[in-house]
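Student: I have a structure here and would like a close look at one part of it. Could you walk me through that part slowly?

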Amino acid sequence: MAQWNLTDRMLYAKLVYYGPALGGKTTNLRVLHNVTDPNERERLVSVNTADDRTLFFDLLPFDLGSVLGYKVALKLYTVPGQVRYDATRRVVLAGADAVVFVADSDPARERDNRQAWDNLLQSMHATRLDPAAVPIQVQFNKRDLPGAASEEAMEAWFGLSPGLGVPAVACEGNGVLETFLAASRLMLERIVAIAEPQTRRTLHAGDLAAQLHASFAPYLARRPETGGAGIAPQSGSAPIVLESSDLLENAVASSVALGAQLADEHGRASRLTREAESLRRLSDTLRSTGASFERDAVLDAALTAAVATLGAAGAGFCTLDAGGHVRLERSAGRDLAPLAQDGGVASLLARMLMGPGPSVADDLDLEVPEAAGITSGLRALAVIPVEPEEHASLVVAMSGPDGAFADVDVRFLATLAGHLAVGLEKVRTYEELRAHRDRLEEVVSARTRSLRKAYDELKSVDAMKDRFLANVSHEMRSPLTVIISAATFLRDYEGDPSERAEMAAGILKASQSLDGLVDGLLRVARLDADDEAELEEVAPADIVADALSAAGAVGHARVLLDPRLAPFPAVPARLARALANLLDNAQKFAPAAEPVELHVSPCLLGRPGGAVAGVAFAVLDRGPGLAEEDAERVFAPFEQGGDPLTGKPAGVGLGLYEARAIARRHGGTVIHLPRPGGGSEFRISIPAEAAVPPIVKEARRA
Amino acid sequence: MTAPKRILIVDDDAFIRRPLEFILREEGYQPATAADADEGLRAVESCPPDLIFLDVMMPGKDGLTWCAELKSDPRYARIPIVLLSARGQERDRERALALGAADFLTKPYSPHELKRRVRELLGSG
């Protein structure tokens, strides 16, 4: 390979003469050797067999002079032409910048020529020289032979285009410099063409061909005047002569084999080093993703590892949305977002994301030439699926003219994608667990609330039971005391008839009181079971009459009945009971001088859909009234205001509870109002409409 | 022969007072009755009884309060008081005994039980 020395402005290059045995390669070099300036003449090294055949190579350093501001120093080599020295030929050929193929014009040697040509192509291939890129200049030598093959015939031997071969008679010096000049020009043109940009910038402007011609001028001037024998080995270039011919070839062959093996080992070692590095990166990635439960952190660890390990320009995590658009979730290194937004690149990306496995776009300039602005500096793109998310992929971009993905890179990325998938799955599971835990906390607190409510309800039921026992025991103990005492007297003592009558009356009254108590308890116990009762149209006056009678208030209460009231739907016996309970209570607390009043009048009942007409039964007394805080409590079962004078419970505390329950079953209610001027008003309000009260209706359907 | 022992019955319910009054009379005691603490105090002051049956829940001053007042009055502190209550709570009983009541009986009581307590406290009438 050509070497540029930018400091000394030197260019070193290698030109190799190839061709069939005894075709004139060494003769070409000798002629060139002769024309160089004797003062600067360097020694032509030949490693020959005893019969003057090139065994190993000929080497002629040659100063081409200055071209484009650089001194060009060439090394000219010949290879041994004999078939069995293949290994040597390849060693000499390696790294050639151009080749001169010296063909023998002897038609009898057509086969040797063809074999040598094929051998050249094979050797170039073996030494990684591309015959399409490395220039080959052909020389048709020995044109002076009688019966020499025509140039057209020789062109056909090698498949050459017409006019490309340079005719020569090397032993007379003819055509040698022309061949060398043509080969040098092809070689230099190529060397300049493939030079790095920074090297090319140091070249002086000018016409390469013209400068080359100028530097060849002195040599052309020294062209040997005489032909034939004139080209003889000179004293200064005594060839090195080896006796044993095969020994060297064997040595070369085994060196080459050793070299190949070393190169192999070196390749393997660097592959292993690289894999070890990849694995270290992977384990770093795994460690950092393992330590994180954040999606972004897991993505960053993987993307950073991809960029650092492959020396990539950038890496991103992409998904496809429902509309097939590429969405870049996260990237490291160069921002890949423009790739996902540009139409051409995005659709290339989308196609790659849709694919089932890893896919690589080797040359973005070829794939999406119209997006050069977007992909500027980027060369290759690899897309590696990250299972199990659908169309989720690791996208890695390589930059530079050599940016490419080797198989080992793709394998690394696939493994990385696997790690990433595990990391993302772990994040997802963690999120799920966290959501589950949050839900659980919610459930637990809701459950705690409902347990608390149930507990409070139980406590209130417990308190109700206590009230029940206290009230009922008091209400039963007093009449029982009367009955037991009076009956004991009647049984054990005479007494006089009036006393005996008084005792009997006491027993009777106490028994009635007990009967009323039991009756009340049973009624309340049956409240829920009584929903089958039928509604019927009933006149308010009838309800009033029944209630007064049940409460023993006939003639005691003052009744005001609005004459406009029409019959309304009710369960008469039950509504009368509710009203009787209110009258009972009022009579308990009303002072003798101020009789209880009962006002029955039309009213309006508030309803969500607007007020409806109703009937109100208001029971008013001038008793002590109710403290505001007791106004609602008294409606609870076994609650009662008690006798403010004695502190004695007045009844078991079911009257108002029962009255309100009955009113509600009629679609109405009972409320307490403080009566202006002192005392209480308990008011039953129920709808006057024919509409069936909702609770009764529901009970019927059930 | 000594004069019959005087027993004062204080209860706002006449139907409870009357059978007790008749039975104690038949047993040879001299019963007197009052419907509340005020009436009872007048009876005690006019002629101190040998024993008082006292209802706990009464209009006006309740039985426990009046019991405490009598026990703190040196003139009447020695008169045994048996409290009668329709409320059977144990703490009422403890409170009564702590105030110096001789006994605490829960309604409904048996008249014979009552007679036995009277005999224990006063001897036979």
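Which residues in α1(A) meet which residues in α5(A)?

Tutor: Happy to look at this with you, keeping in mind that this is a predicted model. On the α1(A) side you will find A:Asn28, A:Val31, A:Leu32 and A:Val35, and they meet A:Val176, A:Leu177 and A:Phe180 of α5(A). Sorted by class, this contact has 6 nonpolar residues and 1 polar residue, with no charged residues.

Now for the geometry. Two packed helices are described by the angle between their axes and the distance between those axes. Here, helix α1 of chain A spans residues 25-35 and helix α5 of chain A spans residues 176-193; their axes are 9 Å apart and the packing angle is about 90 degrees. Since angles of 65 to 115 degrees count as roughly perpendicular, α1(A) is therefore roughly perpendicular to α5(A).

Although A:Leu22 is not a glycine, its phi is positive, at about 60 degrees. A:Leu22 has 17 other C-beta atoms within 10 Å, so it is partly exposed.

With 9 C-beta neighbours inside 10 Å, A:Arg128 counts as exposed.

For a view of the strands in this chain, turn to β19(A), residues 612-620, where 7 of the 9 residues are buried. Strand β19(A) pairs with β18(A), residues 597-605, in the antiparallel sense over 9 bridges, and β19(A) is also joined by 7 bridges to β21(A), residues 680-687, again running antiparallel.

Finally, a glance at the partner chain: 22 residues of chain B are in contact with 24 residues of chain A. Helix α1 of chain B, residues 14-26, gives the largest share of the chain B side, 8 residues. By class, that side has 13 nonpolar, 2 polar and 7 charged residues.

Notes
Residues numbered from 1 in each chain as written. Chains lettered and ligands numbered in written order. Predicted model: local features only at pLDDT ≥ 70, side-chain atom pairs only at ≥ 80, totals over all residues. Contact = placed C-beta atoms within 7 Å. Helix = DSSP H or I, 4+ residues; strand = E, 2+ residues; numbered from the N terminus. Nonpolar A, V, L, I, M, F, W, Y, C, P; charged D, E, K, R; others polar. Axes fitted to C-alpha atoms, helices over the stretch in contact; angles between N-to-C directions. Parallel < 35°, antiparallel > 145°, perpendicular 65-115°, else oblique. Buried ≥ 20, exposed ≤ 12 C-beta atoms within 10 Å, placed from the backbone. Pairing = 2+ DSSP bridges.
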